Amino acid sequence: MSFLRLAVRNIARTRLAAPAAVPVPRNWAWMQAARYSASAGLSKDAITARVLDVLKGFEQVDQAKLTPTSTFTEDLGLDSLTTVEVVMAVEEEFSIEIPDAEAEEIQTVQQAIDYIAKTPEAH
Amino acid sequence: MAATAPSKQAILNLYGSTLRASRAFSSYNFRQYFVRRTRGVFQEIKDEKDAGKLRAFYDEKTKELEVLKRSAIVNQLYGGWKLVVEKQQPSRERADS
């Protein structure tokens with residue numbers, strides 16, 4: 001009698017142990033690679049306003065000529081050392097680090113805004 | 001032997017790195033001092049044309065930058081509370097109090 005019970009139990013167990021077929025989604029590889037935390041991103045207007053705010057903090061800046069299109073050295077009357085400082089201040093505002101090679105390129109307010117816009121880490 | 005002057009861009013890069021190292025200090029007094037000092041020292045040399053002097057300045061400041069970086073790290077390890085004059089972290093309050 002107990003032998004019969006054991007046999008029945010074994011049969012039931014093997015049936016349960018059989019792997020349940022899990023349907024593998026077709027886009028499995030994509031799902032593994034996908035990041036679900038998309039960055040909100042900064043709007044162009046927000047970046048412009050914040051960059052201009054940073055520049056307003058510099059006393060050497062000619063406030064009357066301060067527009068998004070102005071250049072640091074010609075329009076705003078900054079020397080090369082202060083330009084470096086402006087770029088550093090922008091870095092600090094957006095908590096990023098701009099490499100030296102790219103920091104050299106930034107000579108206008110617009111270039112600074114564009115650089116922030118294309119940097120995903122900026123926030 | 002005539003010393004070659006470092007390029008303008010090299011000096012500007014050194015200026016940027018030194019400022020960045022100065023800002024890394026965690027205590028307010030050191031931070032402000034080194035930022036101020038860096039500004040002053042580089043403003044003084046701004047109109048210098050003599051290649052020998054520029055080279056000497058550049059070499060000296062490059063060495064100083066290394067010292068400054070190390071000091072900033074040590075200072076970060078032993079950073080104290082923020083002073084009242086500094087920008088404080090926004091204070092958070094419990095919702096149920």
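## Salt bridges across the interface

Four salt bridges link chain B and chain A across their interface. The model is predicted. One bridge joins the side chains of B:Arg39 and A:Glu85, with N to O at 2.7 Å. That value sits within the 4 Å cut-off for a salt bridge, so the pair qualifies.

Polar contacts were counted too. Between chain B and chain A there are five residue pairs in polar contact, both residues at pLDDT 80 or more.

## The chain B side

## Contact and buried area

Interface size is often given as the accessible area lost when the parts come together. Here, the area buried between chain B and chain A is about 1,300 Å². Carbon and sulfur atoms give 53% of that area. On the chain B side, three residues stand out: B:Leu12, B:Arg20 and B:Arg23. They supply 43% of the area that chain B buries against chain A, more than any other three residues.

## The annotated span of chain A

An unreviewed UniProt entry places the feature "domain: Carrier" at residues 45–120 of chain A. In the model, that span is 54% helix and 0% strand. The end C-alpha atoms of residues 45–120 lie 16 Å apart.

Conventions. Residues numbered from 1 in each chain as written. Chains lettered and ligands numbered in written order. Predicted model: local features only at pLDDT ≥ 70, side-chain atom pairs only at ≥ 80, totals over all residues. Heavy atoms only, no water. Buried area = accessible area lost by both parts, 1.4 Å probe. Polar contact = N/O pair within 3.5 Å; in protein donor to acceptor, adjacent residues only side chain to side chain. UniProt positions renumbered as here; feature names shortened; annotations may be inferred. Helix = DSSP H or I, 4+ residues; strand = E, 2+ residues; numbered from the N terminus.
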